[in-house]
Amino acid sequence: MSETIYLVASDSSPWVQQLRAHAHAKYDIVPLPTALDAPPERPARGVIVYYEQVHSSNSLQFSRMREDMRLVDLPLVAVTHQPTAASRARLLASGAAAVCDADAELELVFKEIENRCNLEPVVDEIRKGLLDPFVYATLITIREMAQCEPAVQVVYRKTGYRIFGDHSALVSVSASTEGTVVLSFPRASSQELSRRMLEPLGVAVTEELVQSCLAETANIIVGQAKGALAGTPYAFAMSVPTVIAGTNHEVRYKPGLPCLVASFTSAIGDFALQLCMAF
Amino acid sequence: MKVLIVDDSAIMRMMLKSMLAQLDLIDVIEAGSGTEGIEALRKTPVSLVLLDLHMPQMDGFGFLEATRQDPSWMQIPVVIVSSDSDKEQVERALQMGARSYGSKPFHVRGLREALGKVVPFLQSS
């Protein structure tokens with residue numbers, strides 16, 4: 001089965017036709033709109049963003065795409081004809097993982113994607129045995145706390161050790177080794193979750209209460225998963241949650257531990273659960 | 001009937017308080033840890049304790065150990081309200097003297113079920 005690479009470009013461009021022909025059999029090139037409502041649903045190797053020419057407005061558009069896809073952590077590779085040093089710098093500053101010359105060999109573009117992709121599929125055994133109890137606990141807990149029906153968007157294993165968020169609730173877990181479960185939210189999602197939790201109590205949303213809402217939500221999710229995994233090879237003990245706040249902060253993990261990620265979409269917005277522990 | 005909520009989560013204390021009010025239990029005091037819970041018991045007699053398990057300083061098990069050994073507190077029914085649904089933890093808490101267990105997340109109905117075992121007037125309502 002060929003892997004997916006997302007493409008943001010005008011479909012009629014000769015370069016795009018060339019790319020499709022070249023990718024045939026190895027990659028499935030799937031078009032994406034520039035304005036995404038949510039991260040793409042299919043696991044993929046990365047995103048190619050093609051510009052005939054780079055204009056100053058492209059930087060803003062590019063950083064918005066980076067923002068839309070931050071929970072999925074896909075590499076965005078910009079491609080344009082004979083990029084200047086200035087346009088290259090602008091695109092890199094806007095979040096491009098790399099900038100390629102459209103007039104160079106197409107193989108180089110695929111190489112850039114392959115080199116920068118740090119996502120892998122989750123094997124079935126791990127998905128069912130370990131990740132699914134966390135995913136199920138997340139669906140139930142968000143449904144109860146926010147009165148909405150979240151859905152899983154993408155599940156993947158990453159080899160890089162970072163994910164971007166504005167609010168992250170961390171729960172340390174100890175099994176055969178120490179690990180971490182992280183629930184990461186863009187600011188809009190954490191605010192909406194908190195609003196929905198606090199409104200029935202007649203309480204206004206404050207930063208302190210947002211953090212309390214996220215901590216408790218993460219605590220419940222991990223507690224539910226702990227119960228489901230008790231007596232299995234993945235049984236673990238848990239700590240009390242802590243919350244990290246700050247725009248686009250990075251959560252890094254102990255190197256060497258695998259990290260499973262499930263990203264969700266819901267009426268409160270997107271969010272992601274990361275499970276970083278030995279298995 | 002005075003109820004003591006012992007939970008380190010401010011939001012969970014608010015939610016429990018709101019649910020208790022819906023069950024006509026409006027006389028509520030709060031504590032953010034097992035240690036604060038013991039302090040609260042020293043100051044104010046209560047008829048029921050809702051207790052979280054995972055808390056910093058003194059956790060729910062520590063609170064149970066301290067209160068079940070004290071003759072003036074050992075008769076106060078303790079209902080566990082925890083996110084930890086691990087059977088081993090539930091059984092440990094019940095063996096240590098907790099009377100009932102409710103697993104988060106829950107709504108008023110779940111709380112009523114957990115409290116029904118120790119609050120007679122909630123059994124029939």
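Predicted model: local features only at pLDDT ≥ 70, side-chain atom pairs only at ≥ 80, totals over all residues.
## Basis

Local features need pLDDT of at least 70 and side-chain atom pairs pLDDT 80 or more, while totals for chains, interfaces and linings use all residues. Residues are numbered from 1 along each chain as written, chains are lettered from A, and side-chain values use heavy atoms, without hydrogens or water.

## Helix pair in chain B

Helices α2 (residues 34-43) and α3 (residues 60-68) of chain B pack at about 30°, with axes 9 Å apart. That makes α2(B) roughly parallel to α3(B) (angles under 35 degrees). Axes are fitted to C-alpha atoms over the stretch in contact, and angles run from 0 to 180 degrees between N-to-C directions. Helices are DSSP runs of H or I, at least four residues; strands are runs of E, at least two.

On α2(B), the contact (heavy atoms within 4.5 Å) uses B:Gly34, B:Gly37, B:Ile38 and B:Leu41. On α3(B), B:Phe63, B:Ala66 and B:Thr67 take part.

## Cysteines

There are zero disulfides over all chains (cysteine sulfur atoms within 2.5 Å). The sulfur of A:Cys213 lies 14 Å from the closest cysteine sulfur, in A:Cys148, too far for a bond. A:Cys213 is buried at 0% relative accessibility (buried is under 20% relative accessible area, exposed over 50%, partly exposed in between; 1.4 Å probe, protein chains only). A:Cys100 is also buried, at 8%.

The peptide bond from B:Lys104 to B:Pro105 is cis, with omega near 0°. B:Pro105 sits in the loop between β5 (100-103) and α5 (108-116) of chain B.

A:Gln82 has a positive phi, near 40°. A:Gln82 is exposed, at 61%.

Definitions and conventions: Parallel < 35°, antiparallel > 145°, perpendicular 65-115°, else oblique.
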